[in-house]
Amino acid sequence: MEFSDPKVQLQIAYLLGGSMVVVNFALLYQSRMSSVINAFAIHATILGLAVAWQANVQNAPNLYITAAIALVFKALALPAALHYVVRKLNVHRTVEMVFGTGLTMMAGVALVGLAVMIMQPVTQHSGALVTIDLIFAMAVLFLGVLMMITRRNAVTQVIGFMAMENGLILAAVGVHGMPLVVEISVALAVLVAFIVFGLFLFRIRERFYSLDVRYLDPDSRIPQ
Amino acid sequence: MELITEGLIQIAQTALVLALAPGLTGLVRWVKARLLRRRGTPILQVYSDFARLLRKKVVVAHNASWLFRLVPYLVFNAVWTAASLVPTFSTQLLFAPAADLIALIALLSSARFGLALGALDIGTSFGGLGASREMMIASLAEPAMLMIVFTVSLFAGTTHLPAVAEYMSQHQAFLQVSVLLAAIAMVIVSLAETARIPVDNPATHLELTMVHEAMVLEYSGRHLALIEAAGSLKLVLYLSLFCCLFVPWGIAHQAATPLDILAGLGIWVIKLAVGAVLLAVLETCLAKMRLFRLADLLGGGFLFGLLSVILMFVFGSL
């Protein structure tokens, strides 16, 4: 097998992007908090590999830094911190969902179909690698949003948000020469968002003794 | 000459799948026991179990009809035929023209149908319970299997197994994301079809949640031996089918020398052993699922299959 063969390069990029979508479905499927966090770590690891592969293919060494950021911060630091938060806050260890798993997964497949239908006509003239990359990035983005809106617990919503962020980075590295400044700012934005969410979670818990976001709704009839 | 070679290979495979099946089951049990830090029964124990069962007298319930006696033979023969059709170490089998994915699924379904009928025949509550659960699982697993068949046939252009194996080994199929998705779906379906842990527990017939064991609870003697052998054969079949579809390296193709065939044989045995160890590890890591959560698992398998078909349609040309 020749790694310099453009077709093989294409297939590997395609495989890594596809694996991210697969892990995203695993994220949607998990019913325990710690497995969701572990699945997110895998998600970020694959993102790191996909970015590194793009750096190799596009001959853009600055993308290796983005890959390193993904691997160190998102695959190691953030999951460790989230495990800590879950332990510290005594968060309910099961994932609370708005709909059942089956319905959510079906919606996920429909969203992947939607991503294909949106991105294929848009990127018609920019080469197969870009098309595939953007389709998968869009799918990851959609699935992240789906995860955010179908989960009750704030921690899982944070994970959905970060999975969405991973999709954005996947989209950003797919197009040629995104400047490094932007990447670092994106990575920092994730960290900032994480900190903000952390504070937010502590606050919600202090106020309501639970991380269930339904308490934030003034009209909700949940007894406190 | 070719006819003779093909015939010999076919006979060898038919005998080998049957000879290796109890050993494979024994290997899975042994690895599982070792992982739980138990000593485990020797791998060859399963062979002596079969010998013991074959020696024993058959005890049949009073109200059992002829169907009950017929079912073990029917199930065993259907599964054995299916197992000898899958290209394991060579695609040059005498019955290769019949080795079609759809035919294979039909054979396995008829075996399952027979088993469920036999379980219902004696009218005990466990039999009916097991049969209804088995049918529920089958109705969830079959659509997922169909999606896998669609993906494979879209990719390779045929459902003919030897041709699929040949195509897959030449076209770097493992790099295709659709094939990856289909492989994941195949793992889920195989776990359901071979009654392994997240779906059913093969190690016990004392649980209220049992499925396969509940159906065969009333069988004894040589009938039980045949049904257990069919179960072992099914494990060999699904592992071989997985290898043939997704990791087809080493299978001897057309115009293979005897040396190639021997190498293919060795590689097949190694693949089976690796598969058995991986299965044991997987089973140790997972807990048995609640019956009503199975719909999620198998539905997930179906969705992976569906996704792989969609992606195959979109990117098939790339």
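Select Arg112(B) and Glu193(B): their side chains meet in a salt bridge, 2.2 Å from N to O (a side-chain nitrogen of Lys or Arg within 4 Å of a carboxyl oxygen of Asp or Glu). This is a predicted model, where local features need pLDDT of at least 70, side-chain atom pairs count only at pLDDT 80 or more, and totals for chains, interfaces and linings use all residues. Residues are numbered from 1 along each chain as its sequence is written, chains are lettered from A and ligands numbered from 1 in the order in which they are written, and side-chain values use heavy atoms, with hydrogens and water left out.

The pair links helix H4 of chain B, which holds Arg112(B), to helix H7 (residues 177-193), which holds Glu193(B), 81 residues apart; helices are DSSP runs of H or I, at least four residues, numbered from the N terminus. Both residues are buried (under 20% relative accessible area; exposed is over 50%, partly exposed in between, with a 1.4 Å probe and protein chains only).

Glu134(B) lies in helix H5 (residues 125-156) of chain B and is buried at 11% relative accessibility. Shared partners join Arg112(B), Glu134(B), Glu142(B) and Glu193(B) into one network.

Next, select Asp49(B) and Arg52(B) in helix H2 (residues 45-55) of chain B, three residues apart. Their salt bridge has its closest N and O atoms 3.7 Å apart, and Arg52(B) is partly exposed at 36%.

How values were computed
Helix = DSSP H or I, 4+ residues; strand = E, 2+ residues; numbered from the N terminus.
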